[in-house]
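Thanks, everyone. I'll start with the chain as a whole and then go to one strand. Please have a look at the structure first.

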Amino acid sequence: MDKFIIDGGRRLNGSIRAQSAKNSVLPLLAASVLTEKQVTIREVPAIADVMCMAQILRELGASVEFRGGDAVIDSANASCHEISSALTRELRSSVFMLGSLLTRFRRAVISYPGGCDIGLRPIDLHLSALKRLGVRIRERDGFIFCDCDRLRGAEIALDFPSVGATENILLASVMADGRTVLQGAAKEPEIVDLQNFLNAMGAKIAGAGTDVIEIEGVKSLGGVCYLPVKDRIEAGTYLIACAICGGETEVTGVSAENIRLLLHKLRENGCKIHTKNDKIMISGGGCLKCNRRIETMPFPGFPTDLQAQATALNCSAEGGALIVENLFETRYKYVPELRKMGADIEVNGRNAFVRGVPRLHGASVTAGDLRGGAALVLAALGAEGCSEVFDLSHIDRGYADLQGKLRRLGAQIRRVRI
Ligand code: UD1
């Protein structure tokens, strides 16, 4: 068990290159079993979720090696279609394996998926879409048993643009008989990345990034060497850190288009933002103003994965902010921890009302989930005095070397074993 010790109040200056997107790399790893040829995913971040997904692939019989930061997957010998419940519980993204396993083996068994404890996270949309593609599904004792004689293309309409369901549909229909038309698809940049990855393997998919995706089933897929899109959530976290602490920081690798709404909100706070090609420059600090309202929405709306970090910023800005969380029911579990640092936040269902205070103070706090944990780190960086952040396992799921990157920007943060 490790903890962070953070001395608040340092300005952040310098340049950071964003890691490859966690939410892209995970479905790409799942997709790598769709071919018996070698797949290389370049520059994968050293985060716990990636290691867990690699372990799932190994359980299926694939070999996964990390070479110089790239993941090299060879699933020619994969033969198992069941994922152990220990790994599924640890990683909700293992639900993508349903689509991949069905395409590869025509059958799949997984237990109900886990991941961050931020709400109910049902998978009904995944399952009803798979049924449309010809999959038989039985649920028993917490396990989901799927099988089919063949996958066949279908017209599918999602009632809600679920990211995971959209990705699962791509993975299950990419080699189905005939054509699949998906209406109401999620439009996140990571969906576009999955389309590009699969097309580079020989798939025929068009429309990702819009709400209609068309998939023409192909007979087989080949190997690929692919560099994933960069992590807009990680990039956004560092931009918010600089907004809170002050200083001048540049984040490279992420297109401003992919975090347009965050940049708009940061300007509203009073930060100066410049963008050029894949560089985003922020000059933060000073007397920040609260955002009047931040409401999380599917892309291109404000990302739920930056809600906690944006709330942390508003805690020590001038005025009041209404935060509305539309995606996940219980995504305010970090709020009691922020209160220990002097934050004034009232939560009522999906809404949190923040009254800005002049400055937060250091405290001992515990990360309860990935993004909530990042928010506590950001609050501590801006707070007066020393803070400790416990239970880093959640933060390790999504941020590679968070402390190293922040230290290089001038933060006083140490990771110590307890
Ligand atoms: C993905 C991201 C996660 C992000 C989320 C929303 C990955 C690995 N994770 O999660 O970081 O916070 O998108 O941007 O990419 N829902 C249903 N039924 C379903 C599926 C989803 O009701 O079958 C609901 C969920 O409970 C939630 C909402 O839809 O309220 C969004 O879920 P979804 O878009 O599926 O998120 P994930 O794919 O789990």
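This is a predicted model: local features need pLDDT of at least 70, side-chain atom pairs count only at pLDDT 80 or more; totals for chains, interfaces and linings use all residues.

First, the overall picture. The chain holds 14 helices and 23 strands. Its C-alpha trace spans about 65 × 45 × 40 Å along the principal axes. Why call it compact? A compact globule with 418 residues would have a radius of gyration near 22 Å, and the chain has 21 Å, so the two agree.

Now the inside. Of the 418 residues, 57% count as buried. Take the contacts with a separation of 6 or more: residues 24 or more positions apart account for 71% of them.

The chain exposes about 16,200 Å², and carbon and sulfur atoms supply 47% of that. As for charge, there are 52 positive and 48 negative side chains. The centres of the two sets lie 2 Å apart.

Let's zoom in on strand E12, residues 212–216. Which residues are on its covered face? Those are Ile213 and Ile215. The uncovered face has Val212, Glu214 and Glu216.

What does E12 pair with? One partner is E10, residues 179–183, running antiparallel to E12 and joined to it by five bridges. There, Gln183 stands opposite Val212.

Another partner is E11, residues 204–206, also antiparallel to E12, with three bridges. Here Ile205 has Ile215 as its bridge partner, and Ile215 belongs to the covered face. E11 and E12 form a hairpin, with five residues between them. Look at Gly207 in the turn: its phi is positive, about 105°.

That's the tour. Thank you.

Definitions and conventions: Residues are numbered from 1 along each chain as its sequence is written. Side-chain values use heavy atoms; hydrogens and water are left out. Buried means under 20% relative accessible area, exposed over 50%, partly exposed in between (1.4 Å probe, protein chains only). Helices (H or I, at least four residues) and strands (E, at least two) are DSSP runs, numbered from the N terminus. Two strands pair if DSSP finds at least two bridges between them. The radius of gyration is taken over C-alpha atoms; the globule rule is 2.2 Å times the number of residues to the power 0.38. Contact means heavy atoms within 4.5 Å. Accessible areas come from the Shrake-Rupley method with a 1.4 Å probe; for residues, only the protein chains shown count as cover. Lys and Arg count as positive and Asp and Glu as negative; His and the chain ends are not counted. The place of a charge is taken as NZ of Lys, CZ of Arg, CG of Asp or CD of Glu.
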